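Here's a quick briefing to read alongside the coordinates. Grab a viewer and follow along.

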Amino acid sequence: MTAPFPTHRQEEWRYADLDALKPVWEQFAEPMTLTVGPGERLEEIWLPSGDDVQLRRVQLALGSGAKARIFTLNTAAVYGRIELEVSLEECAEFELYGANIGTGLSTNEIVTNVKHIGVGGRSRQTIRSVLNGKAVGSYLGKVEVARGAQKTDAEQSVKAMLLDRGATANCKPELEIFADDVKCAHGATVGELDAMQLFYAESRGMDPAAARALLLEGFAMGLWESAGEPDAIAEAAREALRRAVG
Amino acid sequence: MLEITSLHATVADKPILNGVSLRVPAGEVHAIMGPNGSGKSTLAYVLAGRPGYEVSEGGVSFDGRDLLAMEPHERAAAGLFLGFQYPVEIPGVSYLQFLRESLNAQRRSRGEAELSAGEFIKLAREQAKLLGMDADMLKRPVNVGFSGGEKKRAEMVQMGILAPKFAILDETDSGLDIDALRIVGDGINRIMRAPDKGVLLITHYERLLEHVRPDRVHVLQAGKITRSGDIELARELESTGYAEAVA
């Protein structure tokens with residue numbers, strides 16, 4: 001039986017483009033399951049398929065001491081959703097590097113629920129959004145720390161850049177902590193390109209479009225650099241940025 | 001080479017420049033001195049085309065062209081360089097990438113061939129070395145984590161790489177110790193002292209002028225040039241201050 005169709009009243013679907021989702025719901029209703037066994041490693045790069053509507057719903061289970069690192073670029077022309085539910089056993093590590101790059105009327109969102117179940121788990125989520133036109137880009141990130149999951153270390157860093165007054169960024173880190181010896185940090189900023197940085201670049205000879213593209217590249221590309229630069233995703237992100245800047 | 005005629009300018013509707021006239025012929029270095037708030041940096045920004053700095057009257061011609069009709073990047077391609085008083089930090093963009101894009105954008109608009117990555121790195125290394133800067137610093141993001149003195153030195157490295165015809169240097173000497181001051185002074189002489197080049201050197205202090213030896217010194221007060229002279233004027237200001245020198 002297919003899962004019930006979501007509504008905006010459900011927090012994790014609050015900003016979703018449900019009209020775009022409806023025709024394809026059957027296809028995506030069931031999340032995909034990934035399991036990383038104790039001590040094992042997983043690295044995944046999720047590139048956009050190019051479809052107007054694109055969903056990726058994944059449940060990721062990390063065994064004791066398992067490590068997972070996921071890079072994702074969310075840049076659908078109509079509706080893109082990356083949904084991740086992660087569980088971490090003892091000393092498991094999870095890293096997510098994600099970007100929403102959107103223009104026009106697109107909605108792109110990254111929705112995560114990271115559950116620290118075992119002691120000493122570590123999670124890092126770094127999300128960057130670049131939004132032009134009337135695009136919407138969201139990050140809804142819930143971190144749950146179970147009662148016994150002492151020494152959990154969880155971090156969420158979310159930054160969004162708006163290139164047009166009509167663009168919208170939603171950042172919602174959420175913590176639910178039932179252990180008392182944990183470190184959970186989150187930071188979120190929404191900004192526009194800095195006028196002085198733009199002028200500095202233009203005063204050196206770059207035209208306004210080139211200056212904007214360079215600054216945005218600096219803003220977004222740090223994501224991929226920190227992890228040995230997976231070239232395919234960096235190149236795809238660069239292309240998406242060029243499209244978004246127009 | 002640079003001719004400023006009765007220039008009036010406002011920032012946020014407040015008049016800052018009230019009729020500046022100044023002519024810098026090719027081959028000359030002119031210094032502008034003046035107290036805080038006299039309009040020195042505003043003049044620099046107006047010449048470079050910073051948004052929000054509105055010219056209400058007067059004009060500027062650069063090599064016979066109407067400078068004020070040009071966009072900031074067109075002014076750069078025409079050979080104008082502004083050395084910033086407070087160089088800007090750009091996280092995530094390396095100095096090498098920033099300067100290579102800048103130089104190649106200028107070259108493209110002048111119809112010149114772009115420099116390859118290899119050619120550019122060679123040029124950047126040479127210029128960094130001449131200014132006593134560790135070339136590895138150019139791999140770092142633009143000005144991020146640089147000390148005040150390092151930022152000013154990096155401005156001079158940029159000037160060496162971009163090789164402008166005319167440089168406006170806005171308090172390039174502030175934040176420099178005595179050794180760095182000499183290196184920067186030598187750099188200005190090496191890069192910009194040529195029959196077809198010119199410099200407008202904005203400074204509070206006379207010390208840099210002993211290294212660079214300007215052909216003319218002007219005093220800017222309340223948005224106007226109130227006195228002009230040779231380097232003796234700078235020395236006089238150093239000992240008496242602005243109030244007395246103009247009284």
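Two strands pair if DSSP finds at least two bridges between them, and strands themselves (E, at least two residues) are DSSP runs, as are helices (H or I, at least four), all numbered from the N terminus. This is a predicted model, in which local features need pLDDT of at least 70 and side-chain atom pairs count only at pLDDT 80 or more, while totals for chains, interfaces and linings use all residues. Residues are numbered from 1 along each chain as its sequence is written, with chains lettered from A and ligands numbered from 1 in the order in which they are written.

**The two chains**

- Chain A holds 5 helices and 12 strands, while chain B holds 9 helices and 12 strands.
- For chain B the radius of gyration (taken over C-alpha atoms) comes out at 18 Å, close to the 18 Å from the globule rule for 247 residues, so chain B is as compact as a globular protein of that length. That rule is 2.2 Å times the number of residues to the power 0.38.
- Chain A, at 246 residues, also agrees with its expectation: a compact globule would be near 18 Å, and chain A has 18 Å.
- Along the principal axes, the C-alpha atoms of chain A fill a box of roughly 55 × 40 × 30 Å; for chain B the box is roughly 55 × 40 × 35 Å.
- A residue is buried if 20 or more other C-beta atoms lie within 10 Å of its own, exposed if 12 or fewer, and partly exposed in between, with C-beta atoms placed from the backbone. On that count, 42% of the 246 residues in chain A are buried, and 43% of the 247 in chain B.
- Two residues are in contact if their C-beta atoms, placed from the backbone, lie within 7 Å. Looking at contacts with a separation of 6 or more, residues 24 or more positions apart account for 80% in chain A and 69% in chain B.

**Where the chains meet**

- The interface puts 18 residues of chain A in contact with 20 residues of chain B.
- On the chain A side, the elements giving two or more residues are helix H3 (195-203) and helix H4 (208-225).
- That side splits into 10 nonpolar, 5 polar and 3 charged residues. Here Ala, Val, Leu, Ile, Met, Phe, Trp, Tyr, Cys and Pro count as nonpolar, Asp, Glu, Lys and Arg as charged, and the others, Gly among them, as polar.

- A nonpolar core is a set of buried Ala, Val, Leu, Ile, Met, Phe, Trp, Tyr and Cys residues joined through C-beta atoms within 7 Å. The largest one has 125 residues, and Val130(A) and Ala237(A) have the most contacts inside it.
- H4(A) supplies the largest share of this core, 8 residues.
- Leaving out residues up to four places away in sequence, Val130(A) touches several residues, including Ile101(A), Leu163(A), Phe219(A) and Ala244(A).
- Strand S8 (residues 122-131) of chain A is mostly covered, with 7 of its 10 residues buried.
- S8(A) pairs in the parallel sense with strand S6 (residues 93-102) over 10 bridges, and Gly98(A) has Ile127(A) as its bridge partner.
- S8(A) also runs parallel to strand S10 (residues 153-162), joined by 10 bridges; Leu131(A) stands opposite Leu162(A) there.

**Sheet and helix in chain B**

- An open sheet of 4 strands has the order S2-S1-S4-S5, with antiparallel pairing.
- Strand S2 (14-24) and strand S5 (65-66) stand at the edges with a single partner strand each, so one side of each lacks a neighbour in the sheet.
- Strand S1 (residues 2-11) of chain B and S2(B) share 8 antiparallel bridges, and Ile4(B) is partnered with Leu22(B).
- In helix H1 (residues 40-48) of chain B, 9 of the 9 residues are buried, so it is largely enclosed by the rest of the structure.
- Just after H1(B), Gly49(B) takes a positive phi of about 90 degrees.

- Most residues other than glycine have a negative phi.
- Lys151(A), not a glycine, has a positive phi of about 60 degrees; it lies in the loop between strand S9 (136-145) and S10 of chain A.
- Asp63(B) has a positive phi near 50 degrees and sits in the loop between strand S4 (53-62) and S5 of chain B.
- With 16 other C-beta atoms within 10 Å, Asp63(B) is partly exposed.
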